[in-house]
Amino acid sequence: MTSLRDLPLSDPGVPDARSGFRLLLWLEVRQWRGQVLAAAWGTLHMAAVASFPAAVGLAVQAVVDRSGRHLALAGGLMLLLGVLTALGDTMLHRTAVTNWICAAARVQQLLAGKTVELGAVLTRRVAAGEVVAVSTGDVEKIGWFVEALARFTSALLATIGVAVALVVYQPALGVIVAASVPVLALAVLPLLPAATRRADLQREKAGKATELASDTVAGLRVLRGIGGEELFLDRYRRASQQVRAAAVHSARMWALISAVQVLLPGLLLVAVAWYGARLALDGRISVGELVTVYGSVAFLMMPLRNFEEIAMAWSFSRPSAKRAARVLALRREHIDPHAEPRDAASAADDGVAPAADERAPSAADGGAVPAADGGAVPAADGRADSVADAGAAFAAALPAPGGELYDPLTGLRAAPGLLTAVVCGDPDAAGRLADRLGGHSPSRVDADPSATLGGRPLDGLPLAAVRTAVLVQDKDPVLLSGTLAELLAVPSSGRVTPEAALAAAQCGDVLDSLAQSLIDPGSGAGPGDPMTARITERGRSLSGGQRQRLALARSLVADPEVLVLDEPTSAVDAHTEARIARALGTVRDGRTTVVLTSSPLVLDRADRVVFVDEGTAVATGSHHELLRADPRYRAVVTREADPEAGALATAVGAPRTTATMEGSA
C-alpha cells in the first residue's frame, strides 16, 4: 500500500490515457491494496453500526423480560460495538484520505512530467485555462472518486448484509425491506444524466472564466496602458455570474437527489414502523424484534448516502478524468519513451560523435552539467554535486547529436557553428518551425517528418538528449519568480558566465533598475546587488523589452549546442537591438544559432539568411544579397506593400539605411 511517506512517487507509472474511464480504472488498479484495506475498514465500521439495533433490541427485550443478565450482556455488546465503530471509522478515514491524496499526487506527477516533456507546445495543444483546471480542481475530483469507491464498496456490502439478515431474522418485515432496498438505491438514476449535464456546463463555464482571468492578469500592464481594465473586468464579471448561475442550477438538481434519498427511506421507515406495530399488537413479533428491525431500517439511510456520494463523485470525476487523459495522451511523435541510453561507441556507429563537452539532462529532467573548471553547476532546484555527478554520468551514456540542423518539412538547413537567421512570411509559421527545430511537433499529422540534428531525427532521440542539445526560446518566454541569480542558475556548460550573458543581452539598465529596487530609503545605503533582487511572477514588474533581454541572457548562460531564438528582440529599441545583434555572434561563437526574425539589424549580422515562404525555404544568402535578388524577401523585411514599386529604393537605400542605424547605435 502506498503511504504518504512515499510521496512524491519514484515511479508514478504509465497511465492508460485512452479515455477518462480507463484512466480511473488504471488508478484503481495501481492502488488496489489501499482500496481493499479501506473497504475492509469500512465494512468493519458499517457492520458495527448495523449491529447496534440488534444490541438495542436485546436490551429492550431484557427490560421487558426483567432480565438483568441479558441487560448486562446487551450493554457489554454495545460497548464492544462502540469500540469497533470508533476503530473502523478512524482507520477508514486514514486509509481513504491516503488513497485520495496518493491518487491526486500520482496524477499531478504525471501531469508535471507531461508538461516537462511537451514544454511550451503544451499550451498550443491545450488551452491554458484547461491546463490550470486539470492540474488543480480536476485532480482533486479524480482523487475523490478513488477515495469514495472504497467507502461505496463497504456500504454496498453492508446494505446487502442487512437486507439478508432481516429476511432471516424476521421474514414478515425483512421481505418488505429487501424488496425496497433496490428501489431506494436505483431511484435517483433517472436524475443523474440531468445532474451530470448541469455539472459539465458549470465546469465548462468555470474553465472559461479561469482562462479569462489568467489572460487578464498576464496582460495587466498592457490593459492599464490602453485603459482597458474596466472592459476586461466587466467581461470577467459576466463570466463569473454565468458560473454562479450554472452552479446554482447544478446544486438544485443535486439537492433534489438528496431529497429523494431522504424521502424514500423515510417512507420505508414509516411503513415498517406501522406494519411492525400491527404485528407486535397481534403478538406475532416481540417488542425487541420490532426495535431491531426499525433500527436496521434507520441504519440503511447511512449506506444509501454513500450511493448518492459515489454517483456525485462519478459525475464530477468523469469529465475531469477525460480532460486529464486528453493531456496525458499527448506525445512527442515517434519517440520511444523506454529507449535505453547508448554509449559513445554506439553513437559513433551511427555516424554521430559525442560533443566535446558532454552536457547532462536539462533542468526539466533534474540534471546538471560539468562546469569548465571540472566542478558542477547545480540544477535549477539547487541540488549540488551528487546530482551533477549522476547527471554527467547519464549524459555520457546518451548520444550527443551534432552537425547540421535540418528541417525536411521546409528544407531549412542550419550549418553547425554559424548564426543562421530565418525570415518567415507568416509569423505563425515561424513559431511552428521553432517547435519542430526543438524536437516538438505542434501538429499531429503523422506525415510531417521530424527535424534532424547530425542526421538523427530529434523525435527519435531520448528526451534528455534533445533537451541537452537543443534549446528553444519562445516568442513570449516565461520568467519564474525568484532572485536574478536563481533565474540564471540553469544547467550550462560553464563557458558563458551570467555576467557575460547579461552584458551580451544588453541588460545594464535592467541591473540598474533591480539594484535601485533594493535601496532602503531610511537606511541611507546605496544600491544593492542586483543578483539578489527578486523578480515577480512572470516578470510582471519589468517591461516587455526587459523581460525579453533577461530571457535571452538565461538562454545564453545555458550555452546549448543549438540555440533557437524566436523573435528575441521584437520588444527592444533599435539601438539596443543592434548591440544585441553584434554581441550574439561573439558569445555564440562556435555554436549553432538559429534566429527567427525579420529585423534588418539582426539579419545583417547573420552568417547566413534563409527565407521561408509558404512553408518552404526558397532563398538562401546574405541579407544584402536577398534584398537585391528576392522581391518577396524584400517585402517581408522592409514591410513594403508593393515590392516592385520599392525595388529600386531598397536596392540602393536599404543597405545604407541599415548601416546608418547600426552606426548610430
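Q: How many aromatic pairs does the structure hold?
A: This is a predicted model. The structure holds six aromatic pairs.

Q: How is a pair of aromatic rings described?
A: Two values do it: the distance of the centres and the angle of the planes. Take F611 and Y633. Their ring centres lie 5.7 Å apart, and their planes stand at 80 degrees. Planes over 60 degrees apart count as edge-to-face, so the pair of F611 and Y633 is edge-to-face.

Q: Where in the chain do F611 and Y633 lie?
A: F611 is in strand β13, residues 608–613. Y633 is in helix α22, residues 631–638.

Q: Is F611 buried or exposed?
A: Buried means under 20% relative accessible area. F611 has 0%, so F611 is buried. Y633 is also at 0% relative accessibility and counts as buried.

Q: Which residues do ring pairs link into a cluster?
A: The cluster consists of F21, F145 and W314, linked by ring pairs.

Q: What sits over the ring of Y406?
A: The charged end of R413 does. Its distance from the ring centre of Y406 is 4.0 Å.

Q: How are two packed helices described?
A: Again by two values: the angle between their axes and the distance between the axes. Here, helix α18 (residues 544–558) packs with helix α19 (residues 574–587). The angle is about 5 degrees, and the axes are 12 Å apart. Angles under 35 degrees count as roughly parallel, so α18 and α19 are roughly parallel to each other.

Q: Which residues of α18 and α19 meet?
A: From α18 come R549, L552 and L556. From α19 come T576, I580, L584 and V587. By class, this contact of α18 with α19 has five nonpolar residues, one polar and one charged.

Q: What does H45 touch, leaving out residues up to four places away in sequence?
A: H45 touches T85, G88, D89 and M302. H45 itself lies in helix α2, residues 32–65. Its relative accessibility is 8%, so H45 counts as buried.

Q: Where is T592?
A: T592 is in strand β12, residues 592–596. At 4% relative accessibility, T592 counts as buried.

Methods. Residues are numbered from 1 along each chain as its sequence is written. This is a predicted model: local features need pLDDT of at least 70, side-chain atom pairs count only at pLDDT 80 or more; totals for chains, interfaces and linings use all residues. Side-chain values use heavy atoms; hydrogens and water are left out. Rings of Phe, Tyr and Trp (its six-membered ring) pair if their centres lie within 6.5 Å; planes under 30 degrees apart count as stacked, over 60 as edge-to-face and the rest as tilted. Helices (H or I, at least four residues) and strands (E, at least two) are DSSP runs, numbered from the N terminus. Buried means under 20% relative accessible area, exposed over 50%, partly exposed in between (1.4 Å probe, protein chains only). A charge sits over a ring if NZ of Lys or CZ of Arg is within 6 Å of the ring centre and within 35 degrees of the ring normal. Axes are lines fitted to C-alpha atoms, for helices over the stretch in contact, and angles run from 0 to 180 degrees between N-to-C directions. Angles under 35 degrees count as roughly parallel, over 145 as roughly antiparallel, 65 to 115 as roughly perpendicular and the rest as oblique. Contact means heavy atoms within 4.5 Å. Ala, Val, Leu, Ile, Met, Phe, Trp, Tyr, Cys and Pro count as nonpolar, Asp, Glu, Lys and Arg as charged, and the others, Gly among them, as polar.
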